[in-house]
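Q: I've got a structure open and want a quick tour. Can we go through it piece by piece?
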Amino acid sequence: MDFRLMGLDSHPVLHSLMDLSDETSSDKASHNAPTWCYVRDAKAMAATPADVKEYPNSYLFVIDMPGLKSGDIKVQVEDDNVLVISGERKREEEKEGVKYLRMERRIGKFMRKFVLPENANTDAVSAVCQDGVLTVSVEKLSPPQPKKPRTIEVKIA
């Protein structure tokens, strides 16, 4: 996939990841090189932009998902504080006699991970995909109530 078409050609991390993914299998002896899975996931995250908004009572994650059905999108909470949005956009079946003149729409897996703040209620997560826009809402926990001072009776011995 050529990331220059997507406007991501100037991102230095993406360049280094792409260079690592192009190395041959003879370099497997290097223990410092990231695994292929890590490179694949990093590319998928770099190509999935998101908006994150904070409201008084919730956090809102907005991601464009044009042409995807709800079954193609997976929303999970991992490790009690990581929101993971993933899925796969598949290429439509090619019809005989038809050839692509230009292919710019992204296909393949996508994923984003967000570390949620401590006050996020991971039991109150909802997701809605409407008109190609996925909106994930994570409610905030109510702030803890301050403890009222209690009076201790002093006994005379």
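Q: What is the bridge partner of I85 in β5?
A: R112 in β5 is the bridge partner of I85. Keep in mind that this is a predicted model.

Q: How many bridges link strand β4 and β5?
A: Eight bridges, in the antiparallel sense. β4 covers residues 82–89.

Q: In what order do the strands of that open sheet come?
A: The order is β3-β4-β5, with antiparallel pairing. β3 (73–78) and β5 (108–115) stand at the edges. Each has a single partner strand, so one side of each has no neighbour in the sheet.

Q: By how many degrees are neighbouring strands turned against each other?
A: By 15° on average, direction ignored.

Q: New topic. How many residues sit between β1 and β2 in their hairpin?
A: Three residues. Strand β1 (residues 51–54) and strand β2 (residues 58–64) pair in the antiparallel sense over four bridges.

Q: And which residue in β2 does D51 stand opposite?
A: V62.

Q: Now S137. Buried or exposed?
A: Buried, because its relative accessibility is 12% and the cut-off for buried is under 20%. S137 lies in strand β7 (residues 133–140).

Q: What is S137 in contact with, leaving aside neighbours within four places in sequence?
A: S58, Y59, L60, A124, V125 and S126.

Q: Where is confidence lowest and where is it highest?
A: Lowest in helix α1 (residues 12–21), at a mean of 54, and highest in β1, at 95.

How values were computed:
Residues numbered from 1 in each chain as written. Predicted model: local features only at pLDDT ≥ 70, side-chain atom pairs only at ≥ 80, totals over all residues. Heavy atoms only, no water. Helix = DSSP H or I, 4+ residues; strand = E, 2+ residues; numbered from the N terminus. Buried < 20%, exposed > 50% of the residue type's maximum accessible area, 1.4 Å probe, protein only. Contact = heavy atoms within 4.5 Å. Pairing = 2+ DSSP bridges. pLDDT = per-residue confidence, 0-100. Axes fitted to C-alpha atoms, helices over the stretch in contact; angles between N-to-C directions.
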